[in-house]
Amino acid sequence: MTKEKHIQVIVSLTGGMGNQMFQYAAGRAMSLRLSVPLVLDLSWFKRSFRSEIMTQRKYELANFPNLTNHRVVTPYPFPTMITKLLSAVKGEHWVEEAVTTPEKFESLNVKSSIRLIGYWQSAEYFQPVAETLRTDFDLNYENFRSDNPALPRLEPGATLGVHVRRGDYVTLPQHLGANRALPISYYLNAIEHIASVRDIRLIVVVSDDPEWCCKHFTDPRCVIVNAGNRSIEDFSLLQNCDHHVISNSSFSWWAAWLADSPNHFVVAPAKWHHDGSPFESIQRNWITI
């Protein structure tokens, strides 16, 4: 008797929290469509990184309490070519974002395990399971405030969340093609634009560089969030704001995408990537400047 294959969708996770969310979302969409288990491969986080080239990241998805529909594995982090060879021996079908369109992704149906490689930073890959993902990534901000009273109390219906991404956008060498930190003019213009069309009584600024923010955000409505918070606390805070000014970062993209408040207004940067090109997943009802 032939042994039945155990088919599953395996996602090779890389990057920070926002990137992990995109990768999980693509894997979740495919696993649900094919009705097979979802596996997250964390081997990338065990690699050694040179700080002058790449930022060391950690696995963040475990902080979402509703993410229970997957299994985590942490194999030895072999070089890519060896990993690909081992996958071939196991009979895995590699699906690489660089050579896959959303149409091909949606129609893929193979009789072997699938390994997803890439960042999958397009909402088209997971749009069919959008409501499932909103549940998966849902967070209770008041629970975080109970544990960390330093988190600000939000102004219901009138809070603007601003995410300022700097960090390695400022410090990493430009030739690596990393995104660039946005100028203060973008944030101030975006705040002014939203304040002209919505009643804003509180502006919470979340950043990996709060010192820089304290110097540049002088509006009395602004509260610069504590630098000592965990990433998941900052994310929950942003997610629960009524309106958003996002940076060119997947972290704030997800916070704005997941927000579900009446009259939600979002401003995003028109020039997202280092070459000045836009981000394809900016939602149609968001404003770009």
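# Aromatic pairs and pockets

Student: Are Y187 and F217 buried or exposed?
Tutor: The model is predicted. A residue under 20% relative accessible area counts as buried. Y187 and F217 are both buried.

Student: How many aromatic pairs does the count come to?
Tutor: Rings pair if their centres lie within 6.5 Å. By this rule, the count is 25 aromatic pairs.

Student: What is the geometry class of the Y187 and F217 pair?
Tutor: The ring centres of Y187 and F217 are 6.1 Å apart, and their planes meet at 65 degrees. Planes over 60 degrees apart count as edge-to-face. The Y187 and F217 pair is therefore edge-to-face.

Student: How many residues apart in sequence are the parts that the Y187 and F217 pair ties together?
Tutor: Y187 lies in helix α7 (residues 184-197). F217 lies in the loop between α8 (210-216) and β8 (222-224). The pair ties together parts separated in sequence by 30 residues.

Student: What class of aromatic pair do F235 and F251 form?
Tutor: Centre to centre, F235 and F251 are 5.4 Å apart. Their planes stand at 75 degrees. This pair is edge-to-face.

Student: Which helices does the F235 and F251 pair tie together?
Tutor: The two parts are 16 residues apart in sequence.

Student: Is F251 buried or exposed?
Tutor: The cut-off for buried is under 20% relative accessible area. F235 is buried at 0%. F251 has 13%, so F251 counts as buried.

Student: Over which ring does the charged end of R165 sit?
Tutor: The charged end of R134 sits over the ring of W257, 4.1 Å from its centre. For R165 the distance to the ring centre is 4.0 Å, and the ring is that of Y169.

Student: Which element gives the largest share of the lining of the largest pocket?
Tutor: The largest pocket holds about 1300 Å³ of space. Its 44 lining residues include N19, R57, R165, D168 and Y169, which lie nearest the centre. α1 (17-34), α6 (168-171), β7 (202-207), α9 (231-239) and α10 (250-258) each supply at least two lining residues. The largest share, three residues, comes from α1.

Student: Which element gives the most to the lining of the second largest pocket?
Tutor: About 400 Å³ of space lies in the second largest pocket. Of its 22 lining residues, Q8, I10, K90, E92 and R115 are closest to the centre. β2 (38-41), β3 (71-73) and α2 (80-90) each supply at least two. With four residues, the top contributor is α2.

Notes:
Residues are numbered from 1 along each chain as its sequence is written. This is a predicted model: local features need pLDDT of at least 70, side-chain atom pairs count only at pLDDT 80 or more; totals for chains, interfaces and linings use all residues. Side-chain values use heavy atoms; hydrogens and water are left out. On a 1 Å grid over the protein atoms alone, a cavity is a set of points where a 1.4 Å probe fits but cannot get out, and a pocket is an open set with protein on both sides within 12 Å along at least five of seven lines; lining residues have an atom within 4 Å of a point. Grid points are joined across faces, edges and corners, and a volume is the space filled by probe spheres set on the points. Rings of Phe, Tyr and Trp (its six-membered ring) pair if their centres lie within 6.5 Å; planes under 30 degrees apart count as stacked, over 60 as edge-to-face and the rest as tilted. Buried means under 20% relative accessible area, exposed over 50%, partly exposed in between (1.4 Å probe, protein chains only). A charge sits over a ring if NZ of Lys or CZ of Arg is within 6 Å of the ring centre and within 35 degrees of the ring normal.
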